[in-house]
Amino acid sequence: MKKVRTIQTIIILILLSAVLAGFGPARITYPETESLEVIALDWRQDLRTLRLNFPLDPLLADGLKVYFLVERKYLAAIGESGYSYTIETSRFIQTGEKNLRPKADGAGGLNGAYHSYRELVSELKSLAAAYPGLARLFIPGKSLENRNIYALKISDNPGLSENEPGIAFLGGHHAREWISVEVPLLIGRYLLENYNRDARVRELVNSAEIWIVPLVNPDGLEYSILNYRLWRKNRRLNQDGSYGVDLNRNYSYQWGYDDIGSSPEPFSAVFRGTGPFSEPETEAIRNLFQSHRISAAISYHSFSQLILYPWGYFDQPSEDELLFQSLAADMAGLIAQVNGRVYQTGRAAASLYLTNGDFADWAFGFYRIPAFTIELPPVDLLQGGFLNSESDIEPIFLENLPAALYLIERAVASYAGTGTRLGPLLRKELEKNRKSMIKDRPGAAFMGKESR
Ligand SMILES: [Zn+2]
């Protein structure tokens, strides 16, 4: 009987999909992905010069072969440059939308140990349920496709708004940067699991309101898992038929300052949207900041191993450059102590590339709080770019934990009893013993062309 019902269900589903295929909305092709090939290059060739000339996105490394996504129009030029490659597109599944994803996947589904939206929601709900005295789940907004954007508040008396500094840890602005979801989530879990056994954690949780927003772009993440691994933006259907607004170019501070730090072209990977906060996902973050007192923030991205601070929109020091330098240097020192990995620090515009309308410029520009962008490992494309392995999650979280705790600690120390924000106080503290002039950053190394 059960078997018959299963067969009936399958037949209905087949008929239904045939109907949908015939009469559903016309498929839209994606300018960013329609002409891509997967090529394999020999690892032993010097790929650096090639990388300078062509946009290459690494998919994976397998033995001596490195697989890249590349636009078909560059293939001839790559050959002419003397590089030998093979086309391997058939090794990858081609979906109906001509997007590519590897055939092999881990036990946890296509996303392996990384969280899908559904897995993340379930994890956040269990944390809130397991620690009702320390955690509460908020929904400051919804995505375009109606998924909730969650903010897990961690504090003593999480149901009350106490006179304590708020520190926000954000991740998942960009769909393909899966590791950026894991790090804030694991920081939240760590605080809750160690509250009873670690006096330092207890003190911080008691004196601060910690906001964990691991996934700003849930629609994009799902698209990256199910359709196209290297998807970056949200899933806005733009007027020209292309998809996506770059959420980290959609914040209002100096939005659209120039066309280098963001693009007015909808098909661009760094399309800033039709106006500041045009997207519900960034609006959710604005809601969170408007309704709660946030005194410091880290927005996690990948990749590059960088600790960046404002300004991103133009390459000039802010009046808090010294404060930013000092906090970033301390955090980089703490990170390096864990696994020995070096995160360079610097002003965003000088260290990576110009960005306008990003989260950190907005949080600092409007709220005058220390706001950082941390670009997580790896350091470059040749080490994997956006594609971290499952075994990267734990060490990357562990090395970022002390820096996160440190920022909470500094926020608490500067805030205690005053009711003011971290920035002005720390600035005073720094001005008192200002010893050093602003040092020039060592020349920023070439970081690859892909937007992060
Ligand atoms: Zn990013």
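A residue is termed buried if 20 or more other C-beta atoms lie within 10 Å of its own, exposed if 12 or fewer do, and partly exposed in between, with C-beta atoms placed from the backbone. The structure is a predicted model, in which local features need pLDDT of at least 70 and side-chain atom pairs count only at pLDDT 80 or more, whereas totals for chains, interfaces and linings use all residues. Residues are numbered from 1 along each chain as its sequence is written. Helices (H or I, at least four residues) and strands (E, at least two) are DSSP runs, numbered from the N terminus.

Backbone geometry was examined in several loops. Most residues other than glycine have a negative phi, and most peptide bonds are trans. S304 is not a glycine, yet has a positive phi of about 145 degrees. This residue lies in the loop between β11 (296–302) and β12, and S304 counts as buried because 24 C-beta neighbours fall inside 10 Å. N157, also a residue other than glycine, has a positive phi near 50 degrees. The loop between β8 (148–154) and β9 (166–170) holds N157. With 13 other C-beta atoms within 10 Å, N157 is partly exposed. Cis peptide bonds were found as well. One runs from P310 to W311, with omega near 5 degrees, and W311 belongs to the loop between β12 (306–309) and α9. Another joins P377 and P378, with omega about 5 degrees; P378 is placed in the loop between β14 (371–376) and α12.

Helix α9 contains 19 residues, which at 1.5 Å a residue should span 27 Å, and the distance of 28 Å between its end C-alpha atoms agrees. The expected span is 1.5 Å times one less than the number of residues. Buried residues of α9 are L323, F324, Q325, L327, A328, M331, A332 and I335. Just after this helix, G340 takes a positive phi of about 80 degrees.

The packing of helices was considered next. Two packed helices are described by the angle between their axes and the distance between the axes. Axes are lines fitted to C-alpha atoms, for helices over the stretch in contact, and angles run from 0 to 180 degrees between N-to-C directions. The axes of α9 (residues 321–339) and α12 (residues 393–415) come within 8 Å and cross at roughly 145 degrees. Residues making this contact (C-beta atoms, placed from the backbone, within 7 Å) include L327, M331 and I335 of α9 and L398, A403 and Y406 of α12. By class, the contact of α9 with α12 comprises 11 nonpolar, two polar and three charged residues. Here Ala, Val, Leu, Ile, Met, Phe, Trp, Tyr, Cys and Pro count as nonpolar, Asp, Glu, Lys and Arg as charged, and the others, Gly among them, as polar.

Helix α5 (residues 179–194) also packs against α12, at an angle of about 60 degrees and with the axes 9 Å apart. The arrangement of α5 and α12 is therefore oblique, given that angles under 35 degrees count as roughly parallel, over 145 as roughly antiparallel, 65 to 115 as roughly perpendicular and the rest as oblique. Among the residues in this contact are V183, L186 and Y190 of α5 and F397, N400 and L401 of α12. The contact of α5 with α12 has 10 nonpolar, one polar and one charged residues.

Terms used. Contact = placed C-beta atoms within 7 Å.
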